[in-house]
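Reader: I would like to learn how to read a model like this one, feature by feature. Could we go through it together?

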Amino acid sequence: MTAKKASAALISVFHKDGLEPIVKKLDELGVTLYSTGGTEKFIRDLGIDVVPVEDVTSYPSILGGRVKTLHPKVFGGILNRQDNESDVAQMAEFDIPQLDIVIVDLYPFEKTVASGASEQDIIEKIDIGGISLIRAAAKNFKDVLCVSSMEDYEDFLNVITEGNGTTTLEDRKRFATKAFNVSSHYDSAIFNYFNQEKEETVLKISETKGQVLRYGENPHQKGFFFGDFEAMFSKLHGKELSYNNLLDVDAAVNLMGEFKNDDPTFAILKHNNACGLATRSTIKQAYVDALAGDPVSAFGGILISNVEIDKPTAEEIHNLFCEVVIAPSYSDEALEILKGKKNRIILIQNEIELPETLVRTCLNGILVQDKDSKTDSKEDLTPVTEKQASPEEIEDLIFASKLCKHTKSNTIVLAKNKQLCASGTGQTSRVDALNQAIHKAKSFDFDLNGAVMASDAFFPFPDCVEIADKAGIKSVIQPGGSIKDQLSIDYCNENGLAMVMTGTRHFKH
(Lines give C-alpha, C1' and ligand atoms only; values in the text may rest on other atoms or scores of the structure.)
Protein backbone atom coordinates (compact mmCIF):
# COMPACT_ATOMS: atom_id res chain seq x y z
CA MET A 1 0.00 0.00 0.00
CA THR A 2 1.27 3.46 -0.80
CA ALA A 3 -1.36 5.42 1.18
CA LYS A 4 -1.46 4.80 4.92
CA LYS A 5 -3.83 6.05 7.59
CA ALA A 6 -1.93 7.03 10.73
CA SER A 7 -3.16 5.48 13.97
CA ALA A 8 -0.30 6.28 16.36
CA ALA A 9 2.48 8.84 16.66
CA LEU A 10 5.58 9.15 18.84
CA ILE A 11 6.53 12.74 19.67
CA SER A 12 9.83 13.59 21.38
CA VAL A 13 11.12 17.10 20.66
CA PHE A 14 13.46 19.69 22.13
CA HIS A 15 11.74 22.77 20.69
CA LYS A 16 8.01 22.95 21.36
CA ASP A 17 7.40 26.06 19.20
CA GLY A 18 4.86 25.25 16.51
CA LEU A 19 4.01 21.87 18.01
CA GLU A 20 0.61 22.76 19.47
CA PRO A 21 -1.41 22.78 16.20
CA ILE A 22 0.14 19.45 15.21
CA VAL A 23 -0.78 17.81 18.50
CA LYS A 24 -4.33 19.16 18.29
CA LYS A 25 -4.74 17.99 14.69
CA LEU A 26 -3.44 14.48 15.47
CA ASP A 27 -5.79 14.27 18.42
CA GLU A 28 -8.69 15.46 16.25
CA LEU A 29 -7.85 12.70 13.75
CA GLY A 30 -7.97 10.07 16.48
CA VAL A 31 -4.23 9.34 16.43
CA THR A 32 -2.90 7.82 19.65
CA LEU A 33 -0.01 9.92 20.99
CA TYR A 34 3.07 8.54 22.74
CA SER A 35 5.68 10.79 24.28
CA THR A 36 8.43 11.35 26.86
CA GLY A 37 9.54 13.88 29.46
CA GLY A 38 8.96 17.53 28.67
CA THR A 39 7.08 16.79 25.46
CA GLU A 40 4.69 14.51 27.33
CA LYS A 41 4.00 17.29 29.85
CA PHE A 42 3.51 19.80 27.04
CA ILE A 43 0.87 17.59 25.42
CA ARG A 44 -0.85 16.85 28.71
CA ASP A 45 -0.97 20.58 29.55
CA LEU A 46 -2.95 21.07 26.33
CA GLY A 47 -5.60 18.81 27.81
CA ILE A 48 -4.86 16.03 25.33
CA ASP A 49 -4.38 12.38 26.24
CA VAL A 50 -0.87 11.02 25.81
CA VAL A 51 0.67 7.63 26.57
CA PRO A 52 4.02 7.83 28.40
CA VAL A 53 6.67 5.76 26.63
CA GLU A 54 7.59 4.21 29.98
CA ASP A 55 4.11 2.64 30.09
CA VAL A 56 5.01 0.82 26.88
CA THR A 57 8.56 -0.17 27.81
CA SER A 58 7.96 -0.74 31.55
CA TYR A 59 11.17 1.26 32.09
CA PRO A 60 11.35 4.82 33.43
CA SER A 61 13.58 7.49 31.95
CA ILE A 62 17.01 6.62 33.41
CA LEU A 63 20.56 7.95 33.66
CA GLY A 64 19.47 11.56 33.97
CA GLY A 65 17.31 11.34 30.87
CA ARG A 66 20.03 9.84 28.68
CA VAL A 67 17.91 6.73 28.09
CA LYS A 68 14.19 7.14 27.41
CA THR A 69 13.18 5.66 24.04
CA LEU A 70 16.00 3.15 23.46
CA HIS A 71 13.91 0.01 23.77
CA PRO A 72 12.70 -2.81 21.42
CA LYS A 73 9.07 -1.93 22.04
CA VAL A 74 9.71 1.55 20.70
CA PHE A 75 12.01 0.70 17.81
CA GLY A 76 10.03 -2.42 16.97
CA GLY A 77 6.98 -0.20 16.57
CA ILE A 78 8.91 1.96 14.12
CA LEU A 79 10.98 -0.59 12.20
CA ASN A 80 8.46 -3.36 11.65
CA ARG A 81 7.52 -4.07 8.04
CA GLN A 82 3.75 -4.08 7.88
CA ASP A 83 3.72 -6.36 4.81
CA ASN A 84 6.04 -8.92 6.41
CA GLU A 85 4.19 -11.83 8.05
CA SER A 86 7.01 -12.59 10.48
CA ASP A 87 7.20 -8.96 11.61
CA VAL A 88 3.44 -8.79 12.06
CA ALA A 89 3.49 -11.97 14.15
CA GLN A 90 6.30 -10.74 16.38
CA MET A 91 4.52 -7.41 16.91
CA ALA A 92 1.57 -9.37 18.31
CA GLU A 93 3.75 -11.82 20.26
CA PHE A 94 5.63 -9.09 22.11
CA ASP A 95 2.70 -6.66 22.35
CA ILE A 96 4.50 -3.90 20.43
CA PRO A 97 2.36 -0.88 19.44
CA GLN A 98 2.48 0.18 15.80
CA LEU A 99 3.96 3.69 15.29
CA ASP A 100 3.06 5.38 11.99
CA ILE A 101 4.47 8.85 12.67
CA VAL A 102 7.66 9.89 14.50
CA ILE A 103 8.20 13.56 15.32
CA VAL A 104 11.64 14.52 16.64
CA ASP A 105 13.54 17.78 17.13
CA LEU A 106 17.13 17.15 18.19
CA TYR A 107 19.10 18.72 21.03
CA PRO A 108 20.66 21.96 19.67
CA PHE A 109 24.27 20.77 19.46
CA GLU A 110 25.56 23.45 17.06
CA LYS A 111 23.92 26.31 18.95
CA THR A 112 25.40 25.00 22.20
CA VAL A 113 28.89 24.95 20.65
CA ALA A 114 28.41 28.45 19.22
CA SER A 115 27.31 29.77 22.62
CA GLY A 116 30.74 29.01 24.10
CA ALA A 117 29.30 26.49 26.55
CA SER A 118 31.52 24.16 28.56
CA GLU A 119 32.61 20.86 27.07
CA GLN A 120 30.34 18.98 29.48
CA ASP A 121 27.30 21.00 28.38
CA ILE A 122 28.23 20.40 24.74
CA ILE A 123 28.59 16.64 25.25
CA GLU A 124 25.17 16.48 26.91
CA LYS A 125 23.68 18.07 23.81
CA ILE A 126 24.74 15.11 21.65
CA ASP A 127 21.36 13.54 20.97
CA ILE A 128 21.29 9.73 21.09
CA GLY A 129 17.66 8.67 21.32
CA GLY A 130 16.41 11.35 18.94
CA ILE A 131 18.95 10.64 16.21
CA SER A 132 18.21 6.92 16.52
CA LEU A 133 14.47 7.53 16.17
CA ILE A 134 15.07 9.64 13.07
CA ARG A 135 17.24 7.02 11.38
CA ALA A 136 14.83 4.21 12.21
CA ALA A 137 11.73 6.07 11.01
CA ALA A 138 13.41 7.34 7.86
CA LYS A 139 14.74 3.89 7.02
CA ASN A 140 11.20 2.48 7.25
CA PHE A 141 9.61 5.24 5.16
CA LYS A 142 7.48 2.62 3.39
CA ASP A 143 5.37 2.49 6.55
CA VAL A 144 6.39 5.45 8.72
CA LEU A 145 6.51 9.22 8.22
CA CYS A 146 9.41 10.92 10.02
CA VAL A 147 9.37 14.61 10.97
CA SER A 148 12.99 15.35 11.90
CA SER A 149 13.04 19.09 12.62
CA MET A 150 10.80 21.88 13.86
CA GLU A 151 11.45 23.55 10.50
CA ASP A 152 9.23 20.86 8.93
CA TYR A 153 6.31 21.21 11.36
CA GLU A 154 4.27 23.39 9.01
CA ASP A 155 4.89 21.11 6.03
CA PHE A 156 3.82 18.07 8.06
CA LEU A 157 0.70 19.81 9.36
CA ASN A 158 -0.35 20.57 5.80
CA VAL A 159 0.19 16.93 4.77
CA ILE A 160 -1.93 15.38 7.52
CA THR A 161 -4.60 18.07 7.20
CA GLU A 162 -4.98 17.66 3.45
CA GLY A 163 -4.82 13.86 3.70
CA ASN A 164 -7.11 13.70 6.72
CA GLY A 165 -4.45 11.67 8.54
CA THR A 166 -3.44 9.64 5.50
CA THR A 167 0.09 9.91 4.08
CA THR A 168 1.36 8.84 0.69
CA LEU A 169 4.54 6.94 -0.10
CA GLU A 170 5.77 10.02 -1.92
CA ASP A 171 5.24 12.13 1.23
CA ARG A 172 6.98 9.60 3.45
CA LYS A 173 9.99 9.29 1.16
CA ARG A 174 10.26 13.08 0.89
CA PHE A 175 10.29 13.43 4.67
CA ALA A 176 12.83 10.57 4.88
CA THR A 177 15.13 12.55 2.60
CA LYS A 178 14.81 15.54 4.92
CA ALA A 179 15.50 13.25 7.89
CA PHE A 180 18.74 11.83 6.51
CA ASN A 181 19.83 15.39 5.70
CA VAL A 182 19.24 16.30 9.35
CA SER A 183 21.02 13.23 10.72
CA SER A 184 24.07 13.49 8.43
CA HIS A 185 24.46 17.21 9.15
CA TYR A 186 24.16 16.59 12.89
CA ASP A 187 26.83 13.91 12.85
CA SER A 188 29.14 16.07 10.74
CA ALA A 189 28.82 18.92 13.24
CA ILE A 190 29.72 16.59 16.11
CA PHE A 191 32.72 15.16 14.25
CA ASN A 192 34.02 18.62 13.32
CA TYR A 193 33.75 19.70 16.97
CA PHE A 194 35.85 16.72 18.08
CA ASN A 195 38.29 17.14 15.18
CA GLN A 196 39.15 20.81 15.73
CA GLU A 197 42.82 19.96 16.05
CA LYS A 198 42.64 18.10 12.71
CA GLU A 199 43.96 14.89 14.25
CA GLU A 200 41.98 13.06 11.58
CA THR A 201 42.81 14.19 8.03
CA VAL A 202 39.17 14.15 7.01
CA LEU A 203 36.97 16.77 5.38
CA LYS A 204 33.29 16.92 6.31
CA ILE A 205 31.27 19.83 4.96
CA SER A 206 27.54 20.09 5.47
CA GLU A 207 25.52 23.16 4.51
CA THR A 208 21.78 22.88 5.01
CA LYS A 209 20.91 26.34 3.72
CA GLY A 210 21.07 26.58 -0.05
CA GLN A 211 19.59 28.58 -2.87
CA VAL A 212 19.39 28.13 -6.62
CA LEU A 213 21.04 30.98 -8.52
CA ARG A 214 19.88 32.26 -11.90
CA TYR A 215 22.89 30.48 -13.40
CA GLY A 216 26.56 29.90 -12.72
CA GLU A 217 29.56 31.77 -14.04
CA ASN A 218 27.92 31.73 -17.49
CA PRO A 219 24.27 31.34 -18.54
CA HIS A 220 24.73 27.74 -19.73
CA GLN A 221 26.00 26.65 -16.27
CA LYS A 222 23.79 25.83 -13.28
CA GLY A 223 24.67 27.68 -10.09
CA PHE A 224 23.93 27.27 -6.38
CA PHE A 225 24.95 29.01 -3.17
CA PHE A 226 25.14 27.06 0.07
CA GLY A 227 25.45 29.15 3.21
CA ASP A 228 23.63 31.57 5.48
CA PHE A 229 23.75 34.74 3.38
CA GLU A 230 21.13 36.43 5.60
CA ALA A 231 23.36 36.04 8.66
CA MET A 232 26.16 37.95 6.95
CA PHE A 233 24.18 40.59 5.07
CA SER A 234 20.94 42.53 5.36
CA LYS A 235 19.76 43.04 1.80
CA LEU A 236 17.97 46.38 1.58
CA HIS A 237 17.30 46.72 -2.13
CA GLY A 238 17.89 45.36 -5.62
CA LYS A 239 17.76 42.21 -7.69
CA GLU A 240 18.93 38.76 -6.64
CA LEU A 241 22.68 38.27 -6.47
CA SER A 242 24.25 36.15 -9.20
CA TYR A 243 27.08 33.61 -8.97
CA ASN A 244 29.58 36.23 -10.18
CA ASN A 245 28.14 38.86 -7.83
CA LEU A 246 28.74 36.54 -4.90
CA LEU A 247 32.36 35.90 -5.91
CA ASP A 248 32.98 39.64 -6.20
CA VAL A 249 31.21 40.36 -2.90
CA ASP A 250 33.44 37.74 -1.25
CA ALA A 251 36.55 39.41 -2.69
CA ALA A 252 35.31 42.84 -1.58
CA VAL A 253 34.57 41.73 1.98
CA ASN A 254 37.94 40.03 2.39
CA LEU A 255 39.79 43.04 1.00
CA MET A 256 37.95 45.55 3.18
CA GLY A 257 38.62 43.37 6.20
CA GLU A 258 42.22 44.60 5.94
CA PHE A 259 41.02 48.20 6.43
CA LYS A 260 38.30 47.56 9.00
CA ASN A 261 39.82 49.81 11.68
CA ASP A 262 41.44 52.36 9.34
CA ASP A 263 40.29 55.84 8.38
CA PRO A 264 37.40 56.00 5.87
CA THR A 265 38.30 53.63 3.05
CA PHE A 266 36.46 52.85 -0.16
CA ALA A 267 37.14 50.08 -2.68
CA ILE A 268 35.78 49.28 -6.12
CA LEU A 269 36.21 45.73 -7.41
CA LYS A 270 35.77 44.06 -10.77
CA HIS A 271 36.28 40.37 -11.46
CA ASN A 272 37.55 39.76 -7.91
CA ASN A 273 40.29 42.41 -8.14
CA ALA A 274 40.31 45.99 -6.87
CA CYS A 275 40.34 48.59 -9.64
CA GLY A 276 40.09 51.44 -7.14
CA LEU A 277 40.98 51.91 -3.47
CA ALA A 278 41.63 54.96 -1.33
CA THR A 279 41.80 55.94 2.34
CA ARG A 280 40.84 59.54 3.16
CA SER A 281 39.50 61.75 5.95
CA THR A 282 35.94 61.47 4.58
CA ILE A 283 34.21 58.56 2.87
CA LYS A 284 33.09 60.81 0.00
CA GLN A 285 36.69 61.71 -0.83
CA ALA A 286 37.73 58.09 -0.42
CA TYR A 287 35.10 57.12 -3.03
CA VAL A 288 36.07 59.90 -5.44
CA ASP A 289 39.75 58.94 -5.27
CA ALA A 290 39.00 55.21 -5.50
CA LEU A 291 36.98 55.85 -8.66
CA ALA A 292 39.86 57.85 -10.12
CA GLY A 293 41.98 54.69 -9.97
CA ASP A 294 40.10 53.25 -12.94
CA PRO A 295 36.78 54.92 -13.82
CA VAL A 296 36.44 52.65 -16.87
CA SER A 297 36.63 49.33 -15.01
CA ALA A 298 34.42 50.70 -12.22
CA PHE A 299 31.39 50.44 -14.55
CA GLY A 300 29.30 47.51 -13.28
CA GLY A 301 31.60 47.00 -10.33
CA ILE A 302 31.20 46.08 -6.66
CA LEU A 303 31.55 48.99 -4.21
CA ILE A 304 32.42 48.63 -0.54
CA SER A 305 33.02 51.06 2.34
CA ASN A 306 34.44 50.46 5.82
CA VAL A 307 32.22 53.19 7.36
CA GLU A 308 28.66 54.45 6.98
CA ILE A 309 27.79 55.84 3.55
CA ASP A 310 26.37 59.36 3.88
CA LYS A 311 24.31 61.52 1.54
CA PRO A 312 27.24 63.28 -0.25
CA THR A 313 28.87 59.91 -0.97
CA ALA A 314 25.61 58.39 -2.18
CA GLU A 315 25.11 61.31 -4.57
CA GLU A 316 28.51 60.57 -6.13
CA ILE A 317 27.87 56.82 -6.28
CA HIS A 318 24.48 57.36 -7.92
CA ASN A 319 26.22 58.72 -11.02
CA LEU A 320 27.90 55.35 -11.58
CA PHE A 321 26.30 52.16 -12.82
CA CYS A 322 27.33 49.55 -10.27
CA GLU A 323 26.01 46.11 -9.36
CA VAL A 324 26.42 46.06 -5.57
CA VAL A 325 27.07 48.55 -2.76
CA ILE A 326 28.22 47.23 0.63
CA ALA A 327 28.65 49.18 3.88
CA PRO A 328 28.21 48.69 7.62
CA SER A 329 25.34 51.24 7.50
CA TYR A 330 23.73 54.01 5.44
CA SER A 331 22.18 57.30 6.40
CA ASP A 332 18.47 57.55 5.58
CA GLU A 333 19.16 60.13 2.88
CA ALA A 334 21.92 58.02 1.33
CA LEU A 335 19.71 54.95 1.24
CA GLU A 336 16.92 56.85 -0.49
CA ILE A 337 19.34 58.05 -3.17
CA LEU A 338 20.92 54.64 -3.78
CA LYS A 339 17.49 53.01 -4.10
CA GLY A 340 16.96 55.24 -7.13
CA LYS A 341 18.25 52.42 -9.37
CA LYS A 342 15.83 49.49 -9.00
CA ASN A 343 18.36 46.75 -9.76
CA ARG A 344 21.20 48.15 -7.64
CA ILE A 345 21.89 45.68 -4.82
CA ILE A 346 22.35 47.40 -1.46
CA LEU A 347 23.81 45.36 1.39
CA ILE A 348 24.55 46.02 5.04
CA GLN A 349 27.44 43.83 6.18
CA ASN A 350 26.77 42.31 9.58
CA GLU A 351 29.47 41.45 12.10
CA ILE A 352 30.09 37.71 11.87
CA GLU A 353 33.20 35.56 11.83
CA LEU A 354 34.27 34.28 8.43
CA PRO A 355 35.63 30.74 7.92
CA GLU A 356 39.32 30.27 8.62
CA THR A 357 39.56 27.48 6.05
CA LEU A 358 39.43 27.80 2.26
CA VAL A 359 38.02 24.94 0.18
CA ARG A 360 37.97 24.42 -3.59
CA THR A 361 37.55 21.50 -5.95
CA CYS A 362 40.68 20.29 -7.74
CA LEU A 363 41.01 17.46 -10.27
CA ASN A 364 38.96 14.59 -8.85
CA GLY A 365 39.27 15.87 -5.28
CA ILE A 366 39.33 18.89 -3.03
CA LEU A 367 42.04 21.30 -1.91
CA VAL A 368 41.86 22.73 1.61
CA GLN A 369 44.10 25.35 3.20
CA ASP A 370 44.18 27.85 6.04
CA LYS A 371 43.03 31.31 5.10
CA ASP A 372 45.85 33.83 4.55
CA SER A 373 45.18 35.69 7.79
CA LYS A 374 48.57 37.39 7.92
CA THR A 375 48.43 41.15 7.37
CA ASP A 376 51.79 42.85 6.94
CA SER A 377 52.39 45.56 9.55
CA LYS A 378 55.17 48.01 10.35
CA GLU A 379 56.63 45.51 12.81
CA ASP A 380 57.08 43.00 9.97
CA LEU A 381 59.16 45.31 7.80
CA THR A 382 62.89 44.69 7.53
CA PRO A 383 64.79 47.52 5.80
CA VAL A 384 67.40 46.03 3.44
CA THR A 385 68.69 49.12 1.64
CA GLU A 386 70.89 52.07 2.57
CA LYS A 387 68.04 54.49 1.94
CA GLN A 388 65.25 54.18 4.48
CA ALA A 389 61.60 54.63 3.60
CA SER A 390 60.04 57.77 5.08
CA PRO A 391 57.12 57.48 7.55
CA GLU A 392 54.74 58.53 4.75
CA GLU A 393 56.21 55.91 2.44
CA ILE A 394 55.85 53.27 5.16
CA GLU A 395 52.14 54.08 5.38
CA ASP A 396 51.80 53.70 1.62
CA LEU A 397 53.82 50.49 1.60
CA ILE A 398 51.49 48.91 4.18
CA PHE A 399 48.49 50.18 2.20
CA ALA A 400 49.84 48.66 -1.02
CA SER A 401 50.76 45.40 0.69
CA LYS A 402 47.21 44.92 2.02
CA LEU A 403 45.85 45.38 -1.47
CA CYS A 404 48.51 43.20 -3.09
CA LYS A 405 47.51 40.31 -0.81
CA HIS A 406 43.99 40.34 -2.29
CA THR A 407 44.95 40.69 -5.95
CA LYS A 408 45.40 37.75 -8.34
CA SER A 409 49.01 36.57 -8.81
CA ASN A 410 51.34 37.44 -10.31
CA THR A 411 50.62 40.97 -9.19
CA ILE A 412 52.25 44.33 -8.72
CA VAL A 413 50.46 47.17 -6.93
CA LEU A 414 51.40 50.84 -7.32
CA ALA A 415 50.10 53.29 -4.70
CA LYS A 416 50.63 56.85 -3.61
CA ASN A 417 49.16 58.83 -0.71
CA LYS A 418 46.98 55.85 0.27
CA GLN A 419 45.43 55.62 -3.17
CA LEU A 420 45.66 52.80 -5.68
CA CYS A 421 47.33 54.16 -8.80
CA ALA A 422 47.19 50.85 -10.69
CA SER A 423 47.88 47.16 -10.39
CA GLY A 424 49.05 44.45 -12.74
CA THR A 425 46.94 41.37 -12.10
CA GLY A 426 47.06 37.68 -12.95
CA GLN A 427 50.15 37.87 -15.14
CA THR A 428 52.49 34.95 -15.87
CA SER A 429 55.48 37.29 -15.50
CA ARG A 430 56.11 39.78 -12.71
CA VAL A 431 57.71 42.12 -15.26
CA ASP A 432 54.50 41.96 -17.32
CA ALA A 433 52.48 42.72 -14.18
CA LEU A 434 54.65 45.78 -13.48
CA ASN A 435 54.52 47.04 -17.06
CA GLN A 436 50.75 46.59 -17.07
CA ALA A 437 50.45 48.59 -13.85
CA ILE A 438 52.67 51.43 -15.10
CA HIS A 439 50.84 51.63 -18.42
CA LYS A 440 47.47 51.70 -16.68
CA ALA A 441 48.55 54.34 -14.16
CA LYS A 442 49.81 56.61 -16.91
CA SER A 443 46.62 56.12 -18.95
CA PHE A 444 44.68 57.64 -16.04
CA ASP A 445 47.21 60.48 -15.62
CA PHE A 446 48.77 59.34 -12.34
CA ASP A 447 52.13 60.86 -11.46
CA LEU A 448 54.18 57.91 -10.23
CA ASN A 449 57.02 60.05 -8.91
CA GLY A 450 57.17 59.22 -5.21
CA ALA A 451 54.80 56.27 -5.54
CA VAL A 452 55.46 52.89 -3.89
CA MET A 453 55.45 49.39 -5.34
CA ALA A 454 54.26 46.16 -3.69
CA SER A 455 54.86 42.67 -4.99
CA ASP A 456 53.12 39.49 -3.82
CA ALA A 457 56.36 37.48 -4.19
CA PHE A 458 60.10 38.02 -4.42
CA PHE A 459 62.05 39.45 -7.35
CA PRO A 460 64.40 36.81 -8.81
CA PHE A 461 66.14 39.50 -10.85
CA PRO A 462 66.63 43.28 -10.49
CA ASP A 463 64.59 44.03 -13.65
CA CYS A 464 61.41 44.99 -11.74
CA VAL A 465 63.12 47.49 -9.43
CA GLU A 466 64.93 48.97 -12.44
CA ILE A 467 61.65 49.43 -14.37
CA ALA A 468 59.99 50.87 -11.26
CA ASP A 469 62.86 53.29 -10.68
CA LYS A 470 62.64 54.62 -14.25
CA ALA A 471 58.89 55.18 -13.71
CA GLY A 472 59.62 57.39 -10.67
CA ILE A 473 58.90 54.87 -7.92
CA LYS A 474 61.25 55.24 -4.96
CA SER A 475 60.07 52.73 -2.36
CA VAL A 476 59.39 48.99 -2.60
CA ILE A 477 57.85 46.30 -0.39
CA GLN A 478 58.29 42.61 -1.15
CA PRO A 479 58.59 39.36 0.80
CA GLY A 480 62.16 38.56 -0.17
CA GLY A 481 63.49 35.02 -0.12
CA SER A 482 65.15 34.74 -3.53
CA ILE A 483 68.70 33.47 -3.70
CA LYS A 484 69.30 36.54 -5.83
CA ASP A 485 67.75 39.10 -3.46
CA GLN A 486 71.05 40.90 -3.30
CA LEU A 487 70.86 41.84 -7.00
CA SER A 488 67.69 43.88 -6.37
CA ILE A 489 69.13 45.32 -3.17
CA ASP A 490 72.29 46.39 -4.99
CA TYR A 491 70.29 48.15 -7.71
CA CYS A 492 68.27 50.02 -5.09
CA ASN A 493 71.43 51.10 -3.27
CA GLU A 494 73.03 52.29 -6.47
CA ASN A 495 69.96 54.27 -7.53
CA GLY A 496 68.60 55.64 -4.26
CA LEU A 497 65.54 53.42 -3.78
CA ALA A 498 64.27 52.22 -0.40
CA MET A 499 63.25 48.59 -0.05
CA VAL A 500 61.72 46.65 2.82
CA MET A 501 61.10 42.92 3.06
CA THR A 502 58.29 41.24 4.99
CA GLY A 503 59.28 37.58 4.91
CA THR A 504 55.69 36.64 3.94
CA ARG A 505 54.56 35.73 0.43
CA HIS A 506 50.94 36.44 -0.54
CA PHE A 507 50.19 34.42 -3.67
CA LYS A 508 46.50 34.41 -4.65
CA HIS A 509 45.64 31.96 -7.41
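Reader: Let's start with contacts: which residues does Ser423 touch, not counting residues up to four places away in sequence?

Author: A contact means heavy atoms within 4.5 Å. By that rule, Ser423 touches Ala274, Thr407, Ile412, Val413, Gln436, Ala437 and Lys440, leaving aside residues up to four places away in sequence. Ser423 sits in strand 20, residues 420-424. Helices (H or I, at least four residues) and strands (E, at least two) are DSSP runs, numbered from the N terminus.

Before we go on, this is a predicted model, where local features need pLDDT of at least 70, side-chain atom pairs count only at pLDDT 80 or more, and totals for chains, interfaces and linings use all residues. Residues are numbered from 1 along each chain as its sequence is written, and side-chain values use heavy atoms, with hydrogens and water left out.

Reader: Is Ser423 buried or exposed?

Author: Buried means under 20% relative accessible area, exposed over 50%, and partly exposed in between (1.4 Å probe, protein chains only). Ser423 counts as buried because its relative accessibility is 6%.

Reader: Strand 20 also holds Cys421. What does Cys421 touch?

Author: Not counting residues up to four places away in sequence, Cys421 touches Gly293, Leu414, Ala415, Lys416, Ala441, Phe446 and Leu448. Cys421 is buried too, with a relative accessible area of 2%.

Reader: For contrast, where is Asp49, and what does Asp49 touch?

Author: Asp49 lies in the loop between helix 2 and strand 4 (51-52). Its relative accessibility is 70%, so Asp49 counts as exposed. With residues up to four places away in sequence left out, Asp49 touches Leu33 and Ile43.

Reader: Now a helix. Which residues of helix 1 are buried?

Author: In helix 1 (residues 20-28), they are Ile22, Val23, Lys25 and Leu26. Seen down the axis, these buried residues fall within an arc of 165°, so they line one face of helix 1. The arc is that of the directions from the helix axis to the C-beta atoms. The buried residues pack against strand 2 (8-13), strand 3 (32-35), helix 2 (37-45), strand 5 (101-105) and helix 9 (153-162). Just after helix 1, Gly30 takes a positive phi of about 80°.

Reader: And which residues are buried in helix 19?

Author: Helix 19 (residues 485-495) has Asp485, Ser488, Ile489, Tyr491 and Cys492 as its buried residues. They cover an arc of only 160° around the axis, which puts them on the same side of helix 19. Their cover includes helix 18 (463-470), strand 22 (475-478) and strand 23 (498-501).

Reader: Let's zoom out. How many helices and strands are in the chain, and what is its radius of gyration?

Author: The chain has 19 helices and 23 strands. The radius of gyration is taken over C-alpha atoms, and the globule rule is 2.2 Å times the number of residues to the power 0.38. A compact globule of 509 residues would come out near 23 Å, whereas the chain has 31 Å. Its C-alpha atoms fill a box of roughly 100 × 50 × 40 Å along the principal axes. Buried residues account for 47% of the 509 residues.
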